[in-house]
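Student: I have just opened this structure and would like to get to know it. Could we go through it together, one question at a time?

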Amino acid sequence: MNSLAWRKGKNVGMTLLLAIFTLAVLIPLVLIFVHIIKMGFSSINFDFFVQIPRPTGETGGGMANGLAGSAMLIFLASLFGIPVGIFGAIYLSEYGGGSFSNLIRFSADVLSGIPSIITGMVAYTLLVVPMKGFSALAGAFALALIMIPIVLRTTEEQLKLVPGTLREASLALGVPLWRTTLKVTLRSALTGVMTGILLAIARIAGETAPLLFTALGNQFWSRSLTEPIAAMPLQIFSFAISPYDDWHRLAWAGALVLVTIMFGLSLAARYFGRRRQQGN
Amino acid sequence: MAHDKTDLREESVLQQIEPRTWVLKKRLSGDGVFRGITVLFAFSVLAILLMMVAGMWKESLPAFSKFGWRFITGRDWDAVQGSFGALAFIWGSVISSIFALLLATPLSVGTAIFITEIAPKKVGGVVASLVELLAAIPSVIYGLWGVLVMAPWLQRTVEPFLADHLGFLPFFSGAPYGVSMLAAIFILMIMVVPIITSITKEIILAVPQSQKEAAIALGATRWEMIRVAVLPYGKSGILGAVILGLGRAIGETMAVTMVIGNTPQISMSLLAPGYTMPSVIANEFAEASSNLHAAALMEIGLILLVVTLIINILARLLIWSVTRGERRGSAI
């Protein structure tokens, strides 16, 4: 049974099988993309970007409030998530080294593996209950919790790539450590840090589950940060499970816009990543 | 003081320079404040994690004190009567994730091997970035495609076919609904494939070149080389990748909620609708009818949190055991 012909035949057979597996993985990808592009382009129009959803039964309308709401949520989440991630990373890379740092790293890894719906529940108990209402702030807090571990770990990696001699040169000139860290270390790692931030934003732009009981969604424009706010992923969700064709149409258009934004962000992240490599 | 060879930079910058700056009192205080800020932010990561566990524990206490361990084995889910048991959701989560992984594992490991060992470099690179694209799509968009395209297709073609030809098995009996456990399994499979593939790819790349060359030199065919040199070396790392995929599948919320049918029942048939732990939270938490109802949902969340914590810790340790070996291997 172990003749050369048998072994060669087995080799060819397994190679074919692996190729078939790869094809099977790629088929759903192609199907999903074809659908998003086909349905998205046939449904998208100018109204999509400037109008809010119409009441049930009326055709037309758009997701303008969802687009603005998502942008607002991402902005607020970044205000909280980016500083915590970057300063935490500065601690890990510049001061840390002991078991406390390892504990922080481990917590960040574990935090990034927690289902996002749990983050939503936590934001609900911490902000929605005390503030007695769903709000943009609670939604942004939930998204920030998802951002922090991503920004933290990528920033730490980037800071570690900065050569120690650069820090020592600055310190030797009499620049205090904290200014050295901000003006020399962080600055030379800036493009890499930007990559991490963009990836984190791309990730939270599509998150739905943590917003379900924090930002809640809104049919109209929201006037303050303590009110429920609309978000693109939430609108796609509620339109997709509705029984109306016209809302399905809006959902596909929303999916196209969301996917385009996310790919734009990851392309930008790659651009920064490449610049960093050339810089070195 | 013992000289730590692994962290020379740390030694030189902090242990030697910092004591010298104390002469300049003003600057020392700036450094102290800055250091304090970074410690505070770093600590907040740990605090968030502890707060999550403690907060959910506290919020779920009313349900735990009322139902005790019966909560896990109980089948009732009745908000009106105030009687809650999570078994149907645990069942749904376990069945959908396990079957999704059974389908996804051979596909992803096969794809990873194809990318790294078989395909020409350019083809492999294209396939790898396509798979990464698949990982970047938000789950609500998988759900949109699942509920509007895949579920109707399952209802029209796949499910009647299974019922006709394999209907004598309890797993494929009953009417085709489209939205069903089977739909959830398929959508989860599509979603975990990119994760397992990309980690397995890293693991396979960590296999020392010398091992593979040795197998080839002994006259192995390419498949035999993969079987005797690549797979055994990466075994525990690949297992870690699969477990990480399991963590993702169990916690996946939106896509599953949109296609599983959201019916709290324990059915042997994969064609019947089901319910999972994250789905019931997503559907009912915002409008929980009573404090007990909210606490019961919190307890489901707590179970989910503990399970995913254990899964993640296990997976990280396994993957770490292989990728750490990579550094040792290349040093030789």
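Student: Which residues have the most contacts inside the largest nonpolar core?

Tutor: Good place to start! This is a predicted model, in which local features need pLDDT of at least 70, side-chain atom pairs count only at pLDDT 80 or more, and totals for chains, interfaces and linings use all residues. Residues are numbered from 1 along each chain as its sequence is written, while chains are lettered from A and ligands numbered from 1 in the order in which they are written. A nonpolar core is a set of buried Ala, Val, Leu, Ile, Met, Phe, Trp, Tyr and Cys residues joined through C-beta atoms within 7 Å, where buried asks for 20 or more other C-beta atoms within 10 Å of a residue's own, exposed for 12 or fewer, and partly exposed lies in between, with C-beta atoms placed from the backbone. The largest such core has 193 residues, and those with the most contacts inside it are B:Ala183, B:Ile187, B:Val192 and B:Val259.

Student: Which helix gives the largest share of this core?

Tutor: Helices here are DSSP runs of H or I with at least four residues, strands are runs of E with at least two, and both are numbered from the N terminus. The largest share is 18 residues, and it comes from chain B, from helix α7 (residues 181-205).

Student: What does B:Ile187 contact, leaving aside neighbours within four places in sequence?

Tutor: Two residues are in contact if their C-beta atoms, placed from the backbone, lie within 7 Å. By that rule, the partners of B:Ile187 are B:Tyr142, B:Gly146, B:Met150, B:Ala255, B:Val256 and B:Val259.

Student: How many helices and strands does chain B have?

Tutor: Along the sequence, chain B reads α-α-α-β-β-α-α-α-α-α-α-α-α-α. The count for chain B is 12 helices and two strands.

Student: How far apart are the centres of the two domains of chain B?

Tutor: An automatic or database domain assignment sets the bounds, and it divides chain B into domain 1 (5-67) and domain 2 (74-331). Taken over C-alpha atoms, the centres of these domains of chain B are separated by 35 Å.

Student: And chain A, how many helices and strands are there?

Tutor: Chain A is read along its sequence as α-α-α-α-α-α-α-α-α-α-α. The tally for chain A is 11 helices and zero strands.

Student: What is the radius of gyration of chain A?

Tutor: This radius is taken over C-alpha atoms, and the globule rule is 2.2 Å times the number of residues to the power 0.38. A compact globule of 280 residues would come near 19 Å, but chain A has 24 Å.

Student: Which helix of chain A gives the most to the side that touches chain B?

Tutor: Across this interface, 70 residues of chain A are in contact with 75 residues of chain B. With 17 residues, the top contributor from chain A is helix α1 (residues 4-43).

Student: Why does A:Ala240 count as buried?

Tutor: A:Ala240 belongs to helix α10 (residues 232-240) of chain A. Not counting residues up to four places away in sequence, A:Ala240 touches A:His248, A:Ala251, B:Gly143, B:Leu144, B:Val147, B:Leu148 and B:Met258. A:Ala240 counts as buried because its C-beta neighbours inside 10 Å number 24.
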